[in-house]
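Please read them with the structure open.

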Amino acid sequence: MFEGSSARLAAMRITDDDVEKLNSNLLLFKEQVRVGNFDESAQTDVAFHHLIVEIAAVPLLTDIHKSFQQMLLDTLTMPARIHSRGWEPVVEHERILEALKRRDPDEATYYMQSHITRSSERLGYVLPSDVL
């Protein structure tokens, strides 16, 4: 809910400069995943989400997200057993960014919520049957 709401607001407020920052983040994320640097890619992943929260421009959401960054980092560090699925979050970030570029709040919300659900499933926090 938190991430989806942030994506919705960001889609309504995003600037061309914001798009460029997210795009740069995504390029770095792709390269880190491509070479298998999953520790650094987790940090870049968290930074992508934090940029979106900042673009949403709700100070309370920004403060909450900052306070949970270490926990997010700990949960996003991809276990070795699922490195074969390492490209999935890259594709999901691409979809979120495309929705933000189109300034489409519904699409941004959908792709963000889908990404969070799929990430939870990938990391073993929920089972696919729990969300289908």
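1. A residue is called buried here when its relative accessible area is under 20%, exposed when that area is over 50%, and partly exposed in between, with a 1.4 Å probe and protein chains only. By that rule, 42% of the 132 residues of the protein count as buried. The protein exposes about 7,200 Å², of which carbon and sulfur atoms supply 55%, the areas coming from the Shrake-Rupley method with a 1.4 Å probe, where for residues only the protein chains shown count as cover.

2. This is a predicted model, in which local features need pLDDT of at least 70 and side-chain atom pairs count only at pLDDT 80 or more, whereas totals for chains, interfaces and linings use all residues. Residues are numbered from 1 along each chain as its sequence is written, and side-chain values use heavy atoms, with hydrogens and water left out.

3. The secondary structure consists of eight helices and zero strands, so that the order from the N terminus reads α-α-α-α-α-α-α-α, where helices (H or I, at least four residues) and strands (E, at least two) are DSSP runs numbered from the N terminus. Taking contact to mean heavy atoms within 4.5 Å, I note that 73% of the contacts between residues at least 6 apart in sequence join residues at least 24 apart.

4. Helix 1 (residues 2-13) and helix 3 (residues 38-56) have axes that come within 7 Å and cross at roughly 60 degrees; axes are lines fitted to C-alpha atoms, for helices over the stretch in contact, and angles run from 0 to 180 degrees between N-to-C directions. The two helices are therefore oblique to each other, given that angles under 35 degrees count as roughly parallel, over 145 as roughly antiparallel, 65 to 115 as roughly perpendicular and the rest as oblique. Their crossing is left-handed, a term used if the near helix is turned anticlockwise from the far one by less than a right angle, with right-handed used if clockwise. On the helix 1 side Phe2, Glu3, Ser6, Ala7, Leu9, Ala10 and Arg13 take part, and they meet His49, Ile52, Val53, Ile55 and Ala56 in helix 3. The residues of this contact divide into eight nonpolar, two polar and two charged, where Ala, Val, Leu, Ile, Met, Phe, Trp, Tyr, Cys and Pro count as nonpolar, Asp, Glu, Lys and Arg as charged, and the others, Gly among them, as polar.

5. Helix 1 also passes helix 4, with axes that come within 12 Å and cross at roughly 135 degrees. That angle makes helix 1 oblique to helix 4, and the crossing is left-handed. Here Phe2, Glu3, Ser6 and Leu9 of helix 1 meet Leu61, Ile64 and His65 of helix 4, a set that divides into four nonpolar, two polar and one charged.

6. Ala11, which also lies in helix 1, is buried with a relative accessible area of 1%. Leaving aside neighbours within four places in sequence, Ala11 is in contact with Leu100, Arg103, Asp104, Pro105 and Ala108. Its C-alpha atom lies 8.4 Å from that of Ile55, a residue 44 places away in sequence.

7. For helix 6 (residues 88-101) and helix 7 (residues 105-122), the axes come within 8 Å and cross at roughly 165 degrees, and the pair is therefore roughly antiparallel. The crossing of helix 6 and helix 7 is left-handed. Contributors from helix 6 include Glu88, Pro89, Glu92 and His93, and those from helix 7 include Tyr111, Met112, His115 and Arg122. The residues of the whole contact divide into seven nonpolar, three polar and six charged.

8. His115 of helix 7 is buried, with a relative accessible area of 2%. Beyond its neighbours within four places in sequence, His115 is in contact with Asp45, His49, Pro89, Glu92, His93, Ile96 and Arg122.

9. Two backbone angles deserve a check. Ala57, in the loop between helix 3 and helix 4 (59-67), has a positive phi of about 65 degrees although it is not a glycine, and is partly exposed at 47% relative accessible area. Arg103, in the loop between helix 6 and helix 7, has a positive phi of about 55 degrees, again without being a glycine, and is partly exposed at 35%.
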